[in-house]
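Here is a short briefing for a reader new to this structure.

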Amino acid sequence: MPRKPVTTREDVVEGAFQLIRSEGMEALTARNLARRLGCSTQPVMYHFPELSALWEAAYLHADRYHTEYLFAGRDLMQIGLRYIRFAAEEPNLFRFLFQSGRFAGISLRDMIDAPEAAELMRVVAAQTGLAPGEAAAFFEPLYAAVHGYASLIANNAMRFDTASIEMSLRSIALGLLREGGHHDEAVQEE
(Lines give C-alpha, C1' and ligand atoms only; values in the text may rest on other atoms or scores of the structure.)
Protein backbone atom coordinates (compact mmCIF):
# COMPACT_ATOMS: atom_id res chain seq x y z
CA MET A 1 0.00 0.00 0.00
CA PRO A 2 1.49 3.35 -1.01
CA ARG A 3 2.34 5.75 1.74
CA LYS A 4 -0.16 8.61 2.17
CA PRO A 5 1.43 11.97 1.31
CA VAL A 6 2.43 13.89 4.40
CA THR A 7 2.50 17.21 2.55
CA THR A 8 -1.04 18.08 1.46
CA ARG A 9 -2.12 20.12 -1.52
CA GLU A 10 -3.18 22.86 0.92
CA ASP A 11 0.29 22.79 2.51
CA VAL A 12 1.85 23.29 -0.91
CA VAL A 13 -0.45 26.21 -1.80
CA GLU A 14 0.07 27.87 1.59
CA GLY A 15 3.81 27.33 1.27
CA ALA A 16 3.80 28.91 -2.21
CA PHE A 17 1.81 31.87 -0.89
CA GLN A 18 4.25 32.37 2.00
CA LEU A 19 7.28 31.97 -0.27
CA ILE A 20 5.96 34.62 -2.66
CA ARG A 21 5.01 36.83 0.27
CA SER A 22 8.49 36.73 1.79
CA GLU A 23 10.78 36.38 -1.24
CA GLY A 24 8.77 37.47 -4.27
CA MET A 25 7.20 35.62 -7.18
CA GLU A 26 10.60 34.97 -8.78
CA ALA A 27 11.43 32.64 -5.87
CA LEU A 28 8.56 30.25 -6.63
CA THR A 29 10.26 27.12 -7.90
CA ALA A 30 9.62 23.52 -6.93
CA ARG A 31 13.04 23.33 -5.29
CA ASN A 32 12.62 26.54 -3.25
CA LEU A 33 9.13 25.53 -2.20
CA ALA A 34 10.24 22.03 -1.18
CA ARG A 35 13.04 23.55 0.89
CA ARG A 36 10.52 25.85 2.60
CA LEU A 37 8.16 22.93 3.28
CA GLY A 38 10.96 20.70 4.52
CA CYS A 39 10.32 17.98 1.95
CA SER A 40 11.62 16.79 -1.37
CA THR A 41 10.23 18.18 -4.63
CA GLN A 42 8.17 14.99 -5.03
CA PRO A 43 5.14 16.15 -2.97
CA VAL A 44 5.14 19.51 -4.76
CA MET A 45 5.22 17.83 -8.17
CA TYR A 46 2.69 15.20 -7.07
CA HIS A 47 0.08 17.86 -6.26
CA PHE A 48 1.12 20.23 -9.07
CA PRO A 49 2.72 18.41 -12.00
CA GLU A 50 2.60 21.71 -13.90
CA LEU A 51 4.10 24.71 -12.13
CA SER A 52 1.54 26.94 -13.88
CA ALA A 53 -1.24 25.24 -11.87
CA LEU A 54 0.65 25.99 -8.66
CA TRP A 55 1.03 29.63 -9.72
CA GLU A 56 -2.73 29.80 -10.34
CA ALA A 57 -3.56 28.25 -6.96
CA ALA A 58 -1.14 30.60 -5.19
CA TYR A 59 -2.62 33.55 -7.10
CA LEU A 60 -6.17 32.66 -6.04
CA HIS A 61 -5.02 32.30 -2.42
CA ALA A 62 -3.27 35.69 -2.56
CA ASP A 63 -6.32 37.26 -4.22
CA ARG A 64 -8.62 36.02 -1.42
CA TYR A 65 -6.18 37.35 1.17
CA HIS A 66 -6.06 40.74 -0.61
CA THR A 67 -9.86 40.94 -0.90
CA GLU A 68 -10.33 40.24 2.82
CA TYR A 69 -7.72 42.86 3.62
CA LEU A 70 -9.50 45.48 1.47
CA PHE A 71 -12.99 44.85 2.76
CA ALA A 72 -11.91 45.31 6.36
CA GLY A 73 -12.37 48.97 5.40
CA ARG A 74 -15.88 50.24 6.03
CA ASP A 75 -16.14 52.86 3.29
CA LEU A 76 -14.74 53.67 -0.13
CA MET A 77 -11.93 55.89 1.17
CA GLN A 78 -10.82 53.26 3.67
CA ILE A 79 -10.89 50.56 1.00
CA GLY A 80 -8.75 52.74 -1.28
CA LEU A 81 -6.29 53.53 1.48
CA ARG A 82 -6.14 49.85 2.46
CA TYR A 83 -5.36 48.98 -1.18
CA ILE A 84 -2.39 51.36 -1.02
CA ARG A 85 -1.38 50.22 2.49
CA PHE A 86 -1.42 46.61 1.25
CA ALA A 87 1.21 47.59 -1.34
CA ALA A 88 3.32 49.11 1.43
CA GLU A 89 2.94 46.18 3.83
CA GLU A 90 2.91 43.33 1.31
CA PRO A 91 4.93 44.55 -1.71
CA ASN A 92 5.78 41.05 -2.94
CA LEU A 93 2.13 39.98 -2.89
CA PHE A 94 1.05 43.24 -4.53
CA ARG A 95 3.55 42.75 -7.37
CA PHE A 96 2.46 39.12 -7.74
CA LEU A 97 -1.22 40.09 -7.94
CA PHE A 98 -0.92 43.19 -10.12
CA GLN A 99 2.46 43.26 -11.84
CA SER A 100 2.97 39.69 -12.98
CA GLY A 101 1.41 40.13 -16.42
CA ARG A 102 -1.88 38.48 -15.48
CA PHE A 103 -3.91 41.40 -16.79
CA ALA A 104 -2.00 41.90 -20.03
CA GLY A 105 -4.34 42.67 -22.89
CA ILE A 106 -7.38 43.73 -20.86
CA SER A 107 -8.53 47.24 -20.11
CA LEU A 108 -9.06 48.88 -16.78
CA ARG A 109 -12.78 48.99 -17.55
CA ASP A 110 -12.71 45.22 -18.18
CA MET A 111 -11.30 44.76 -14.67
CA ILE A 112 -13.96 47.02 -13.15
CA ASP A 113 -16.75 45.23 -15.02
CA ALA A 114 -15.47 41.77 -14.01
CA PRO A 115 -17.68 39.71 -11.66
CA GLU A 116 -14.91 39.82 -9.03
CA ALA A 117 -15.36 43.61 -8.75
CA ALA A 118 -19.16 43.47 -8.30
CA GLU A 119 -19.06 43.86 -4.52
CA LEU A 120 -16.76 46.86 -4.79
CA MET A 121 -19.03 48.43 -7.40
CA ARG A 122 -21.97 47.97 -5.01
CA VAL A 123 -20.01 49.87 -2.35
CA VAL A 124 -19.22 52.66 -4.83
CA ALA A 125 -22.84 52.95 -5.98
CA ALA A 126 -24.21 52.87 -2.43
CA GLN A 127 -21.77 55.43 -1.11
CA THR A 128 -22.01 57.87 -4.01
CA GLY A 129 -25.68 57.39 -4.85
CA LEU A 130 -24.70 56.77 -8.46
CA ALA A 131 -26.38 54.27 -10.76
CA PRO A 132 -24.23 51.18 -11.50
CA GLY A 133 -22.96 52.46 -14.89
CA GLU A 134 -22.21 55.89 -13.43
CA ALA A 135 -20.48 54.29 -10.45
CA ALA A 136 -18.14 52.39 -12.75
CA ALA A 137 -17.37 55.55 -14.75
CA PHE A 138 -16.69 57.44 -11.49
CA PHE A 139 -14.53 54.62 -10.12
CA GLU A 140 -12.31 54.06 -13.16
CA PRO A 141 -10.11 57.19 -12.86
CA LEU A 142 -10.20 56.97 -9.06
CA TYR A 143 -8.93 53.38 -9.22
CA ALA A 144 -6.20 54.43 -11.66
CA ALA A 145 -4.98 56.96 -9.06
CA VAL A 146 -5.18 54.47 -6.18
CA HIS A 147 -3.38 51.79 -8.18
CA GLY A 148 -0.75 54.30 -9.27
CA TYR A 149 0.02 55.22 -5.67
CA ALA A 150 0.10 51.55 -4.69
CA SER A 151 2.45 50.66 -7.56
CA LEU A 152 4.85 53.47 -6.70
CA ILE A 153 4.89 52.40 -3.07
CA ALA A 154 5.25 48.66 -3.79
CA ASN A 155 8.26 49.40 -5.98
CA ASN A 156 9.93 51.69 -3.42
CA ALA A 157 9.49 54.80 -5.57
CA MET A 158 7.40 56.56 -2.94
CA ARG A 159 6.68 56.29 0.77
CA PHE A 160 3.19 55.77 2.15
CA ASP A 161 1.89 59.06 3.57
CA THR A 162 -1.73 58.46 4.55
CA ALA A 163 -2.72 62.09 5.08
CA SER A 164 -1.42 63.45 1.77
CA ILE A 165 -2.70 60.48 -0.23
CA GLU A 166 -6.13 60.74 1.39
CA MET A 167 -6.27 64.45 0.60
CA SER A 168 -5.34 63.76 -3.02
CA LEU A 169 -7.90 60.97 -3.40
CA ARG A 170 -10.60 63.09 -1.81
CA SER A 171 -9.85 65.92 -4.27
CA ILE A 172 -9.96 63.53 -7.22
CA ALA A 173 -13.26 62.01 -6.06
CA LEU A 174 -14.84 65.43 -5.46
CA GLY A 175 -13.72 66.60 -8.89
CA LEU A 176 -15.16 63.50 -10.54
CA LEU A 177 -18.49 63.93 -8.75
CA ARG A 178 -18.68 67.63 -9.63
CA GLU A 179 -17.70 66.95 -13.25
CA GLY A 180 -20.55 64.48 -13.46
CA GLY A 181 -22.97 66.95 -11.85
CA HIS A 182 -23.40 64.81 -8.72
CA HIS A 183 -23.49 65.72 -5.06
CA ASP A 184 -20.22 65.41 -3.20
CA GLU A 185 -21.37 64.31 0.28
CA ALA A 186 -19.96 60.82 -0.30
CA VAL A 187 -16.36 62.00 -0.02
CA GLN A 188 -16.67 64.90 2.46
CA GLU A 189 -14.97 64.77 5.83
CA GLU A 190 -17.05 62.85 8.35
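**Helix packing and helix shape**

Helices α4 and α6 cross with left-handed geometry. The model is predicted. Two packed helices are described by the angle between their axes and the distance between the axes.

**α4 with α6**
- Helix α4 covers residues 51-70 and helix α6 covers residues 91-98.
- Their axes come within 10 Å and cross at roughly 115 degrees.
- On the α4 side, the contact uses W55, A58, Y59, A62, D63, Y65 and H66.
- On the α6 side, L93, F96, L97 and F98 take part.
- By type, the contact residues of α4 and α6 are nine nonpolar, one polar and one charged.

**α1 with α2**
- Helix α1 (residues 9-23) and helix α2 (residues 30-37) have axes that come within 10 Å.
- These axes cross at roughly 105 degrees, so α1 is roughly perpendicular to α2.
- From α1, the residues D11, V12, G15, A16, Q18, L19, S22 and E23 meet α2.
- Their partners in α2 are N32, L33, R36 and L37.
- The contact of α1 with α2 has five nonpolar, four polar and three charged residues.

**Helix α9 and what follows**
- Helix α9 has 23 residues, 132-154.
- At 1.5 Å a residue, α9 should span 33 Å, and its end C-alpha atoms are 31 Å apart, which agrees.
- At E140, α9 bends by about 30 degrees.
- A proline, P141, follows within four residues of that bend.
- Just after α9, N156 has a positive phi of about 60 degrees.

Conventions: Residues numbered from 1 in each chain as written. Predicted model: local features only at pLDDT ≥ 70, side-chain atom pairs only at ≥ 80, totals over all residues. Heavy atoms only, no water. Axes fitted to C-alpha atoms, helices over the stretch in contact; angles between N-to-C directions. Helix = DSSP H or I, 4+ residues; strand = E, 2+ residues; numbered from the N terminus. Left-handed = near helix turned anticlockwise from the far one by under 90°. Contact = heavy atoms within 4.5 Å. Nonpolar A, V, L, I, M, F, W, Y, C, P; charged D, E, K, R; others polar. Parallel < 35°, antiparallel > 145°, perpendicular 65-115°, else oblique. Expected span 1.5 Å × (residues − 1). Bend = angle between axes of the 7 residues up to and from the residue.
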